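Me: I'd like to learn how to read a structure like this one. Could you walk me through a few features?
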Amino acid sequence: MDGKRISLPLTDEVIDTLRVGDKVLLSGEMTVARDAAHKRIYEAILSGEEPPVDLKGAVIYYMGPSPAREDRPIGSAGPTTSGRMDKYTPTFLSLGVRATVGKGARSAEVTEAIVKNHAVYFAAVGGCGALLSKCITSSRVICYPDLGAEAVLRITVEDFPVIVAVDCTGSSIY
Amino acid sequence: MREVSVKTLTEEIATAVMWINFNLEPDTASAFCRIALAERDPVAREVMEQLAKNLEVASKEQIPICQDTGMAVVFLEVGQDVHFTDGDLYTAVNEGVRKGYVEGFLRKSVVSDPFDRVNTGDNTPAVIHTDIVPGDKVKVTVSAKGFGSENKSRLFMLNPADGEEGVRAAVLQTVREAGASACPPMTLGVGIGGNFEKCALMAKHALLREKGESAANERDARLERELLDEINKTGIGPAGLGGDTTALAVNVETCPTHIAGLPVAVNVCCHVNRHKTIII
Ligand code: SF4
């Protein structure tokens with residue numbers, strides 16, 4: 001895909017330029033977390049603990065990969081449904097998460113929190129996991145290895161194709 | 001009486017679960033390219049091109065088409081003149097699923113209990129449906145159903161007075177609520193009639209139809225065409241990002257029902273509609 005090339009972490013200036021529908025190629029580091037990891041991180045925050053994952057400046061990708069073959073950093077790696085994370089997202093955004101990546105619409109609360117925290121929500125194409133895995137150059141488990149496919153990962157991406165789905169003004173593609 | 005070793009089923013099912021996770025039916029990639037060319041919206045074109053490329057990468061490099069390699073659903077049509085040997089049939093089916101998911105580097109997405117949610121580690125158990133039919137063959141259809149779309153499936157117990165209009169409204173409502181989460185372009189399996197569980201099973205079974213096939217009777221085939229047309233007018237589009245292609249097919253199955261009811265089930269499947277049939 002063609003599109004605006006952006007390196008992570010995201011700055012305020014870059015977030016300002018992103019508008020709904022823009023095609024973007026992301027390069028840099030992302031944190032991978034989905035349902036079970038969100039629940040645990042959220043519960044840690046609620047009980048007053050330091051979150052076990054650094055949320056400040058993070059880009060969170062909602063994904064649970066298939067196992068990697070020996071010669072690959074990761075298996076198939078497409079987005080999962082973001083709406084299931086809506087319950088946790090406003091809190092995560094208030095703690096410094098700059099962007100989330102997934103598929104599907106977000107709740108009104110999440111959209112509001114995106115505007116309030118000057119963040120952005122990107123959509124990746126669902127069911128495109130083989131192709132997207134080719135944009136991931138490294139991957140390691142950073143937290144909750146017992147969760148298997150739902151463990152928290154730090155991945156490095158290169159020209160990872162996404163579309164701006166909710167921009168910092170709150171307008172949404174859905 | 002024909003003897004069939006359940007070990008044959010284990011091997012065939014293991015091969016099939018791997019195959020369906022790396023390959024869709026032949027020509028799907030070129031069909032996606034044709035859709036891309038026909039889309040008026042540039043984002044929709046881009047999405048369809050990505051989906052076509054994704055299929056090529058998946059099959060060439062044996063990377064699952066989608067990371068959600070699904071929950072295995074196995075339909076068995078067992079000829080009544082078959083005698084199974086070498087062990088228990090369902091254990092053999094699950095052994096095939098286990099072997100395929102482990103050896104194929106497929107994701108293990110099954111938890112042992114809806115509340116405790118401990119992963120079983122090998123994607124078993126499969127959901128198994130068995131029919132006894134005349135003859136001495138075993139027809140095995142293996143599918144891998146992703147849950148982004150499964151979660152968006154719906155069942156409606158309509159009143160007879162709701163008629164075809166009610167069914168259309170139910171299907172359209174399901175599609176609208178599914179949106180991007182079901183990874184469009186979707187295939188819709190629609191079961192109409194029967195009772196509560198029968199219509200759900202027909203809806204699932206309808207998803208297994210081969211590409212391009214329509215319902216056997218003309219009324220159902222017309223309903224399929226008209227529903228597809230209406231669904232593609234919703235503008236949800238590929239990946240739910242807008243466009244002309246929201247569904248690839250609507251497959252309707254109907255059967256007798258009760259004087260007081262009109263059950264309708266809509267099983268939503270994403271663009272990764274994985275299934276394969278083997279006859280033993
Ligand atoms: S709905 Fe289908 S394509 Fe989408 S993530 Fe699930 S299995 Fe993959």
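Me: Which classes of residue make up the shell around the ligand?

Reply: Start by sorting residues by class: Ala, Val, Leu, Ile, Met, Phe, Trp, Tyr, Cys and Pro count as nonpolar, Asp, Glu, Lys and Arg as charged, and the others, Gly among them, as polar. Here the shell has five nonpolar, six polar and one charged residues. A word on the source: this is a predicted model, where local features need pLDDT of at least 70 and side-chain atom pairs count only at pLDDT 80 or more, while totals for chains, interfaces and linings use all residues. Residues are numbered from 1 along each chain as its sequence is written, with chains lettered from A and ligands numbered from 1 in the order in which they are written.

Me: Which residues surround the ligand?

Reply: A residue counts as near a molecule if its C-beta atom, placed from the backbone, lies within 6 Å of it. Chain A's part includes A:Gly78, A:Gly126 and A:Gly127, and among those from chain B are B:Cys66, B:Asp68, B:Ser149 and B:Cys270. Because residues from chains A and B surround the ligand, the site is shared between chains.

Me: How do I read the domains of chain B?

Reply: Domain bounds come from an automatic or database domain assignment. For chain B it gives domain 1 (2–20 + 65–145) and domain 2 (148–273), with C-alpha centres 26 Å apart. Nine residues of domain 1 of chain B are in contact (C-beta atoms, placed from the backbone, within 7 Å) with seven residues of domain 2 of chain B.

Me: Which residues of helix H2 of chain A are buried?

Reply: Helices (H or I, at least four residues) and strands (E, at least two) are DSSP runs, numbered from the N terminus. A residue is buried if 20 or more other C-beta atoms, placed from the backbone, lie within 10 Å of its own. In H2(A), residues 35–46, the buried ones are A:Ala36, A:Ala37, A:His38 and A:Ile41. These pack against strand E7 (152–166) of chain A. After H2(A) comes A:Gly48, with a positive phi near 80°.

Me: And what does chain A look like as a whole?

Reply: Chain A has five helices and seven strands, and 48% of its 174 residues count as buried. A compact globule of 174 residues would have a value near 16 Å, and chain A, with 15 Å, agrees.

Technical notes
Two residues are in contact if their C-beta atoms, placed from the backbone, lie within 7 Å. The expected span of a helix is 1.5 Å times one less than its number of residues. A residue is buried if 20 or more other C-beta atoms lie within 10 Å of its own, exposed if 12 or fewer, and partly exposed in between; C-beta atoms are placed from the backbone. The radius of gyration is taken over C-alpha atoms; the globule rule is 2.2 Å times the number of residues to the power 0.38.
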